[in-house]
Amino acid sequence: MKHRSFLKFALSTALLAAGLSANAQVTKIRFAHAGPEATSQHQAALEFAKLVKERSGGKLEVQVFPGSQLGNDSTVIGAVRGGTIEMMMAGSGNFAGLVPRLDVLDIPFLFRDQAHAYKTVDGDIGQSLMKGLETGGLKQLAFWEVGFRSITTKNRAVRTPADVKGLKIRTTPNPTHVQAWKLLGTNPVPMPLGELYQALEAGAVDAQEHPIDITYASKFYEVQKHLTMTRHAFTAMPVVFNKQKFDALSPELQKVLLSAAADGKLLQRNLNQKNEAHVIAELKKNGMQVIETFDPAPFKTLVNDDLRKSFIAKNGPELLTAVDAIK
């Protein structure tokens, strides 16, 4: 009897030890971003987490924190570089302080269409820009997208450059975006996404510009009346990992992260393209006046030369020439 009890105790102890050992092998990854839960970037992040768990056999577990829960973009970038958060994504302009050449992606009216933007970030130019972040302690897994940006306003519809003059407009902290809006005669106010609704509601800013899924998910239609589908700038979104922690993973687990990030990128693009008409319809249903036909030419005329000259002065002409040459 005592022998049988001892065997039962030994077996349960061994099973417990095995369970603890298995749990100890699970690497937890916190994945932070600023987007609301209804955005395509969050839906892609959830799919990424699912794929990583499946493909790693449970060895990697991703927890997604949307809506600036762990801090605004600049705060979280610093935390990922320092290793206190493992992973995040944000618009490319937030990383331009680390890799100034990333500014090329944020030049308004640079890309002819979605295909031009995707060929740029998916090709050699994108690979070169991704590599540049490694000196800042970040391993970029993929380029997802914030998307093509369109302007919303409270009191006036935007059809011509004259319609934006004098507006206080929330913009990203990217110097290229700030310069562009100044050239158009607005007063740009850089501000984190998480603070924007309150600023619009209080009248601290009159206007904002984001891809429409963020405009809809953030309920900006409650504090903005007009949307013009300007598609004036494309914002890429680097998905980045702390480089030291990435390098410490086995090659197999590194491949899991890279492949899941690539699949998440494609899912997000498909969601954005499929959902655009639905989002526009929902914005209209919620009271927004939407101008879907827009002539970018007079806006581009006012900003193009100065923005290009500024970029070339800092980074040389080669990168911009290479983007222009993509067919």
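The model is predicted, so local features need pLDDT of at least 70 and side-chain atom pairs count only at pLDDT 80 or more, while totals for chains, interfaces and linings use all residues. Residues are numbered from 1 along each chain as its sequence is written, and side-chain values use heavy atoms, with hydrogens and water left out.

Select residues 138-153, strand S4. Strands (E, at least two residues) and helices (H or I, at least four) are DSSP runs numbered from the N terminus. In S4, 16 of 16 residues are buried, meaning under 20% relative accessible area with a 1.4 Å probe and protein chains only; exposed is over 50%, and partly exposed is in between.

Thr-152 is partnered with Gln-208.

Now show the salt bridges (a side-chain nitrogen of Lys or Arg within 4 Å of a carboxyl oxygen of Asp or Glu); the count is 13.

- Select Arg-55 and Asp-263, 2.6 Å from N to O. Arg-55 is in helix H2 and Asp-263 in helix H10, so the pair ties together parts 208 residues apart in sequence.
- Select Lys-243 and Asp-247, also bridged, at 2.6 Å. They are four residues apart in helix H9, about one helical turn.
- Select Lys-285 and Glu-282, at 3.1 Å. Lys-285 is exposed at 64%, whereas Glu-282 is buried at 14%.

Terms used. Two strands pair if DSSP finds at least two bridges between them.
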